[in-house]
Amino acid sequence: MTHHVVDARYLLCPLPVIRTQQAVAKLAPGDTVEVCATDPGALHDIPTWCRIHGHEVLATRQDETEVRITVRINRA
Amino acid sequence: MLAARVMLDHGIHVEGINFYTGFCVEGHTQAIRREARAKPKRNNALWVAEQLGIKLHIVDVIEEYKDVVINPKHGYGANLNPCLDCKGFMVRKAREWMEANRFDFIVTGEVLGQRPMSQRRDTMPVVARESGAFDRLLRPLCAKLLPPTLPEREGWVTREGLFDFNGRSRKPQMALAEHFGLTDYAQPAGGCCFLTNAQYSHKLTDLWQARGERRYELEDILLLKVGRHLRPRPHFKLIVARDDGENNFLLGFRDRYTQVFVTSHPGPLALIDGEPNAEDLHLAARLTARFGQGREAERVAVDITDRTGRTQTLDVAPLPADQVPAAWYL
């Protein structure tokens, strides 16, 4: 099980989702990805993408300038 | 959404593809602006996929799409929208995805006569032909008005279960949506692409003119969506944040552009795109001060930091509104 960080800061929707999708495609079930974004839309889009594809959102965090979403990869 | 829903009714396994060109407008593209943060935010393609219970693949076509924007074989619409080339390109990419993922045919929500460039009786076959999809391209909402496609001939779908929608009215689609119990859907009348927007197209044209060539990078077209853009001189323009959200967004680009920031009063961050000289920097400082809370002050302090991180502080008088010609606004 490995943990990966995706830097999607200063990208606008849907690029944070695309970067997440690209990272997940290279990982194995059980691995985790932490996505860091400045577009607050990522806070809605990435969990939606996870629901559609069967992955699990472990945590979301938002402060004044950034959002962070941690995802555990399940078998598609 | 409707076309996919019709296919699901036929028992077809459907997966969605959403191509990201860099010019796509999403309801929350402006969410970086503080005032927009209270509004509902969703990516429509993701939302639709979840409503329909299908997978969605968002595909980055930013690099390949440049040629569509810069050299459209079929020309532009009212602005810099290369609609027919764009449709052919996207169906071609869908065909490539279909072949790579062993799917059988492509479905689009096109309606005959609905759009002035890409959905005419004479241009719809162009899309099928130039994309290489040919009769593997099914348009369920108007299929009865078109020659039978492979999925119909093979019996994968029944022609009777398809539709004959025609023209610009959205009423038949709305009635079908109601039939399916779909009450919430994206605005049906286009507006999903910044290239159809006159102001955005003007800013992109300005960018090309200033560079002396028709090219762009993703960063350029993202920045065209953010802030006020003013070009006081041919060789530089100013991108001025409109609120804290845009200030924060523009901060991410500060190592690639000269930045201007009023330090004596609350105000916006501005980036300079171009190669300003000392006189230009003075003008940029005065112009940036014009958009801050110190606009009525006699003097304001402005920090200007270049791409190497070297900062100089200027003491300037904010530019009065009547000295900012309307032509500077892009």
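Predicted model: local features only at pLDDT ≥ 70, side-chain atom pairs only at ≥ 80, totals over all residues.

Q: Why is Val127(B) called buried?
A: A residue counts as buried if 20 or more other C-beta atoms lie within 10 Å of its own. Val127(B) has 24 other C-beta atoms within 10 Å, so Val127(B) is buried. Val127(B) sits in helix α5 (residues 124–130) of chain B.

Q: How far apart are Val127(B) and Cys86(B), in sequence and in space?
A: In sequence, 41 residues separate Val127(B) and Cys86(B). In space, the C-alpha to C-alpha distance is 9.2 Å.

Q: How many of the 330 residues of chain B count as buried?
A: The share is 38%. The cut-off is 20 or more other C-beta atoms within 10 Å.

Q: What makes up chain B, and what does its C-alpha trace span?
A: Chain B holds 11 helices and 10 strands. Its C-alpha trace spans about 75 × 40 × 35 Å along the principal axes. The domain assignment gives domain 1 (2–194) and domain 2 (226–328) of chain B. The C-alpha centres of domain 1 of chain B and domain 2 of chain B are 41 Å apart.

Q: Why are β5 (228–233) and β10 (311–316) of chain B said to stand at the edges?
A: Start with the strand order of the open sheet in chain B: β5-β6-β8-β7-β9-β10. The sheet has 6 strands with antiparallel pairing. β5 and β10 of chain B each have a single partner strand, so one side of each is left without a neighbour in the sheet. From one strand to the next, the twist averages 25 degrees.

Q: How do you know that strands β6 and β8 of chain B pair?
A: Two strands pair if there are at least two bridges between them. Strand β6 (residues 236–240) and strand β8 (residues 269–274) of chain B are joined by 5 bridges. Therefore the two strands count as paired. They run antiparallel. Val240(B) has Ala270(B) as its bridge partner in β8(B).

Q: What describes the packing of two helices?
A: Two values do: the angle between the axes and the distance between the axes. For α1(A) and α2(A), the angle is about 35 degrees and the axes are 9 Å apart. Their crossing is right-handed. Pro16(A), Val17(A), Thr20(A) and Gln21(A) of α1(A) make the contact with Ala42(A), Asp45(A), Ile46(A) and Trp49(A) of α2(A). These residues divide into 5 nonpolar, 2 polar and 1 charged.

Q: Which residues meet where α2(A) and α2(B) cross?
A: From α2(A) come Asp45(A), Thr48(A), Trp49(A), Arg51(A) and Ile52(A). From α2(B) come Leu46(B), Trp47(B), Ala49(B) and Glu50(B). The axes come within 10 Å and cross at roughly 30 degrees. This crossing is left-handed. By class, the contact has 5 nonpolar, 1 polar and 3 charged residues.

Q: What makes residues of chain A and chain B count as in contact, and how many do?
A: Two residues are in contact if their C-beta atoms lie within 7 Å. On that test, 20 residues of chain A are in contact with 24 residues of chain B. α1 (15–25) and α2 (42–53) of chain A each supply at least two residues of the touching side of chain A. α2(A) gives the most, with 7 residues. By class, the side of chain A that touches chain B has 9 nonpolar, 7 polar and 4 charged residues.

Technical notes: Residues numbered from 1 in each chain as written. Chains lettered and ligands numbered in written order. Helix = DSSP H or I, 4+ residues; strand = E, 2+ residues; numbered from the N terminus. Nonpolar A, V, L, I, M, F, W, Y, C, P; charged D, E, K, R; others polar. Domains from an automatic or database assignment. Axes fitted to C-alpha atoms, helices over the stretch in contact; angles between N-to-C directions. Left-handed = near helix turned anticlockwise from the far one by under 90°. Buried ≥ 20, exposed ≤ 12 C-beta atoms within 10 Å, placed from the backbone.
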